[in-house]
Amino acid sequence: MEFKLTDEQKMIQEMARDFAQNEVAPAAHELDMKSEFPAQHIKKMAELGLMGMMVPTEWDGAGLDTLTYTLALEEISAACASTSVTMSVNNSLYCGPITKFATDEQKKKYLSPFARGEQLGAYALSEPGTGSDAANQQTIATLKGDKYIINGRKNFITNGPNADAMLVYAMTDKDKRHKGISAFIVEKNFPGFSIGKIEKKLGICASSTSEIVLEDCEVPKANLLGEEGMGFTIAMNTLDSGRIGIGTQAVGIARAAFEAARKYSTEREAFGAAICNFQALQHFMADMATRTDAARLLVHRAAWLRDNNQVYGKEAAMAKLYASETANWVTDKAVQMHGGYGYIKEYDVERYFRDAKITEIYEGTSEIQRLVIARAVLKEIGFTKFQ
Ligand code: CAA
């Protein structure tokens with residue numbers, strides 16, 4: 001087993017850390033307060049090759065592996081979770097499935113500019129009544145001549161208001177349930193496409209989230225991704241890798257909270273000594289550091305499996321589950337270690353605490369991760385008759 005990073009991985013990690021600490025972190029508080037989309041960071045990340053990290057170089061991506069992607073994403077996440085989710089959705093939820101399932105013709109138009117970071121992608125699976133039960137799609141796509149006419153609403157779409165194109169999942173055959181779902185590449189300028197309600201959120205306030213409205217939306221037949229009926233497989237396959245990204249984001253948030261609390265504990269005095277002298281806080285820090293490291297190892301294992309063409313869905317779910325619960329636990333303790341100051345907006349731990357929560361919800365709630373893991377471990381002993 002090899003825990004050592006390659007020289008290239010170290011270089012990319014350092015490059016991402018420099019950018020994250022020097023440019024992203026100093027702006028994070030203000031962007032969060034104003035709920036302002038981090039457009040300047042996305043532009044710079046495009047220049048640094050961070051928007052299409054796993055896309056092959058022939059399609060203008062960086063051609064790197066998943067592990068290297070997690071190293072860079074952790075750095076951005078430790079600085080600003082809003083910026084990191086924007087990055088992760090473009091990388092794993094948009095560019096990922098286009099790289100894997102699109103034709104060369106589609107890639108020219110819908111991959112290269114997104115991998116270069118000139119355009120931004122999104123992933124539209126959830127609907128007002130369809131979250132965890134992703135197979136229960138209500139959006140309908142009907143083929144008429146050389147176009148699909150799509151009707152429905154998607155909600156909680158990260159990057160929604162800023163995306164140039166997105167993957168939209170819709171039923172092409174309602175009777176077939178998950179086998180009747182298809183995936184489409186939909187541009188923001190297509191007739192019948194519009195942005196609905198823009199959401200105000202508890203955390204990751206600088207990222208953009210909205211409803212997407214499709215009213216007789218006209219999508220060229222050529223924009224079907226894969227074949228009719230392949231949509232659910234594409235959606236699930238994409239979420240497997242997306243969950244490595246959200247696990248990474250959670251590790252970054254946990255790390256930032258731990259580092260802030262550790263530093264504060266050496267500066268703040270009570271009862272005549274720096275508070276890091278107190279055993280209660282030392283135990284907090286020991287557990288914060290241990291859990292964050294364990295979460296990172298799970299994330300790196302899932303990334304390694306993906307990079308080595310192994311089955312990794314269960315391991316990605318384990319990584320996301322453990323990392324997101326760790327982020328919530330660690331940020332809670334970081335606020336506690338700051339006492340009253342931890343509850344004040346000027347202190348970064350307040351933002352980390354709010355940002356951590358979403359990692360237990362998006363790209364599959366913790367309950368869905370447990371379902372995926374439980375089904376996988378039961379299948380390992382031959383049980384497949386799930387209700
Ligand atoms: N990869 C490929 N195929 C898969 C798969 C995977 N990971 N998981 C399941 N499948 C296949 C199964 O093999 C099965 O195929 P067959 O019918 O050919 O046998 C088919 O899909 C149906 O599988 P299930 O019976 O397991 O499906 P289910 O209806 O019970 O649902 C689920 C499974 C795991 C609960 C799934 O619905 C799920 O993951 N739900 C959560 C959805 C989710 O994560 N949403 C997040 C929205 S995106 C987001 O948050 C983005 C953002 O903006 C940041």
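This report describes the domains and nonpolar cores of a predicted model.

## Basis of the model

Local features require pLDDT of at least 70 and side-chain atom pairs pLDDT 80 or more, whereas totals for chains, interfaces and linings use all residues. Residues are numbered from 1 along each chain as its sequence is written, and side-chain values use heavy atoms, without hydrogens and water.

## Domains and their interface

Domain 1 covers 7-115, domain 2 covers 121-229 and domain 3 covers 238-379 of the protein chain; these bounds come from an automatic or database domain assignment. Over C-alpha atoms, the centres of domain 2 and domain 3 are 31 Å apart. Eight residues from domain 2 and ten residues from domain 3 take part in the contact (heavy atoms within 4.5 Å).

Between domain 2 and domain 3, about 690 Å² is buried, with 68% given by carbon and sulfur atoms (accessible area, 1.4 Å probe, lost on putting two parts together, summed over both). Zero salt bridges are counted between domain 2 and domain 3 (a side-chain nitrogen of Lys or Arg within 4 Å of a carboxyl oxygen of Asp or Glu).

## Nonpolar cores

A nonpolar core joins buried Ala, Val, Leu, Ile, Met, Phe, Trp, Tyr and Cys residues through side-chain atoms within 4.5 Å, buried being under 20% relative accessible area (1.4 Å probe, protein chains only). In the largest core, of 84 residues, Tyr94, Ile150, Met166, Tyr169 and Phe184 touch the most other members. Helix H7 (residues 231-267) supplies the largest share, 14 residues; helices are DSSP runs of H or I, at least four residues, numbered from the N terminus. A second, separate core has 23 residues, including Ile12, Ala16, Phe37 and Leu50.

Beyond four places away in sequence, the residues that Ile150 touches include Ile140, Ala170, Phe184, Leu214 and Val219.

Terms used:
Buried < 20%, exposed > 50% of the residue type's maximum accessible area, 1.4 Å probe, protein only. Helix = DSSP H or I, 4+ residues; strand = E, 2+ residues; numbered from the N terminus.
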